[in-house]
Amino acid sequence: MSDAVVVGAGPNGLVAANLLLDAGWDVLLLEANDEIGGAVRSSTDVHPAFVHDTFSSFYPLAAVSPVIRAMNLGEHGLAWSNAPAPVGNPLRAGGWALVHPDPADTAAALDKLVPGDGQAWLDLYADWQRVGSAVTDALLSPFPPVRAGLDLLRRLLGPRALKRLQLLAGPVRTVGDNRFSGEAAKLLLATNSQHADIAATAPGSGFMGWLLVMIAQQHGYPVPRGGAGRLSQALADRFTSRGGSIVCRARVDEIVIRDGRAIGVRTADGTEYAAGRAVVADVSAPALYCHLIPRADLPARVLQRLRFFKWDPGTVKVDWALSSPIPWRDSPDLAPGTVHIADSVDDLRRCSDQLAAGWIPDRPFLLMGQMTAADPTRSPAGTESAWAYTHVPHQIRGDVSGKLSGTWDATEAEAMADRIEARVEAYAPGFTDTITARRILTPPEIERRDANLVGGAVNGGTSGLRQELFLRPIPGLGRAETAIKSLYLASASAHPGGGVHGACGSNAARAALFHAR
């Protein structure tokens, strides 16, 4: 019998397993797929000479995560790499909005476009230097973050306190308009906010945009050298080198419960694995409560509240093997690893409104990765390993262009990929001529490859305020603890949500250790 059984070897499951092992527990980690990693994997499926990340690629939150940093994964083969510039937006009128490695250079470039925006950027960065570490500590701590929250409150006070509070609570559209005059700086804030599914006009989007673009300014948008899978492998190697056990192709079908307490799991082949102290589940909240926990063992109130659980939008991702770097119409001063494509903040708002109404956008916002620019090991010299993804509604009412229905068959997949490529081509004429191979991942295909990414939702549920903090995943269960004793939720469905930071897994492990004492 193990002290703990961890279900799911995604990044959060791997973090939880490591922390429980560090505490002296005997830990077994079960993974349904052929390989570990969850949404942090890479392969040469697109082209044998190119490494492509299957799902996530850039890890700014890992760069500031106390949990990830404390694991010393460099001792287990992990090396980080950064592009010459972390993130940028090609501008419709020409040129780029670009975050340079040095904030003074970012400010100078913005000031050249619109005088005054450079100093406004430095003011924004000064706010980050004052409160940023407290913000990330509070964000990545179990809810409520008492100690980290008090530290954050102390740093927020003083001169400019009101402006800092507006950053944390206001819509990114309002924050950008209040801070900057030019479109470039506003786009940097607004497009970074769209890594979560919070509309540019919604409360909380200002915080998300500021958080990510300031992490980019201070730490970059790092990638694991050799592919995203190297991060997962380093976590797995740390775990097994200290005595932990991993079993792949072991899909858990049921949490075994006795007298209201989780005592183990049962896999699809009927094998039971006993857990003496805890079961930690790195699975989505709906999967845990609707499928893995027997209905007879679940309080009725939980199922009632789960009816209000909302997924984040679905995702369509296209990976490309390119014969050359992307031929941008205007070459950026430095090659950014992450590229955002939106014509303007208004264009971004229009796209968000279409998604919220259940319509596939006709001019989708794109989040792109130039992976060879970020890590030269990803493809042969002179080429580029690249990708782009965009969001589509989880429940589709229609397509603004009238061409797609959301069946996501082969024809629709190709049509959506063509739509994405047309967006890139508008800013990089000749882009499609450089494509030597491509892979299209539609929402059903993404879910097939990772059951946690239901309908292509990559954040474990919406990041909107209706489903955050003590409301995540549902009201009354805003911590890692679940409705069943000794059973803990460790996935992105739990606080603090999506992003590869390990906090969901860490919070679950800490809760298990606390209750075991």
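Begin with the charged side chains of the protein chain: there are 49 positive and 52 negative charges, and their mean positions lie 7 Å apart. The model on screen is a predicted one.

**The whole chain**

Show the C-alpha atoms alone. Along the principal axes, they fill a box of roughly 65 × 55 × 45 Å. The radius of gyration of the protein chain is 22 Å, which agrees with the value near 24 Å that a compact globule of 517 residues would have.

Switch to a cartoon view. The secondary structure comes to 18 helices and 20 strands.

Next, draw the surface. The protein chain exposes about 19600 Å², and carbon and sulfur atoms supply 52% of that area. Of the 517 residues, 60% count as buried. Contacts can be considered here too: among those between residues at least 6 apart in sequence, 72% join residues at least 24 apart.

**The aromatic rings**

Hide the surface and turn to the aromatic side chains. A pair of aromatic rings is described by the distance of the centres and the angle of the planes. How many aromatic pairs are there? The count comes to nine.

Select phenylalanine 58 and tyrosine 221. Now trace the chain on either side of each ring. Phenylalanine 58 sits in the loop between strand 4 (50-53) and helix 2 (60-64), while tyrosine 221 sits in the loop between helix 10 (205-219) and strand 8 (223-224). The pair links distant parts of the chain, 163 residues apart.

Are phenylalanine 58 and tyrosine 221 buried or exposed? Both are buried. For phenylalanine 58 the relative accessible area is 13%, and the cut-off for buried is under 20%.

Tryptophan 387 belongs to strand 17 (residues 384-392), and phenylalanine 58 to the loop between strand 4 and helix 2, so the pair ties together parts that are 329 residues apart in sequence. Tryptophan 387 is buried as well, with a relative accessible area of 3%.

**Last stop**

Technical notes:
Residues numbered from 1 in each chain as written. Predicted model: local features only at pLDDT ≥ 70, side-chain atom pairs only at ≥ 80, totals over all residues. Heavy atoms only, no water. Phe/Tyr/Trp six-rings, centres within 6.5 Å; stacked < 30°, edge-to-face > 60°. Helix = DSSP H or I, 4+ residues; strand = E, 2+ residues; numbered from the N terminus. Buried < 20%, exposed > 50% of the residue type's maximum accessible area, 1.4 Å probe, protein only. Rg over C-alpha atoms; globule rule 2.2 N^0.38 Å. Contact = heavy atoms within 4.5 Å. Areas by Shrake-Rupley, 256 points an atom, 1.4 Å probe, with all protein chains shown as cover. Lys, Arg positive; Asp, Glu negative; His and termini not counted. Charge placed at Lys NZ, Arg CZ, Asp CG, Glu CD.
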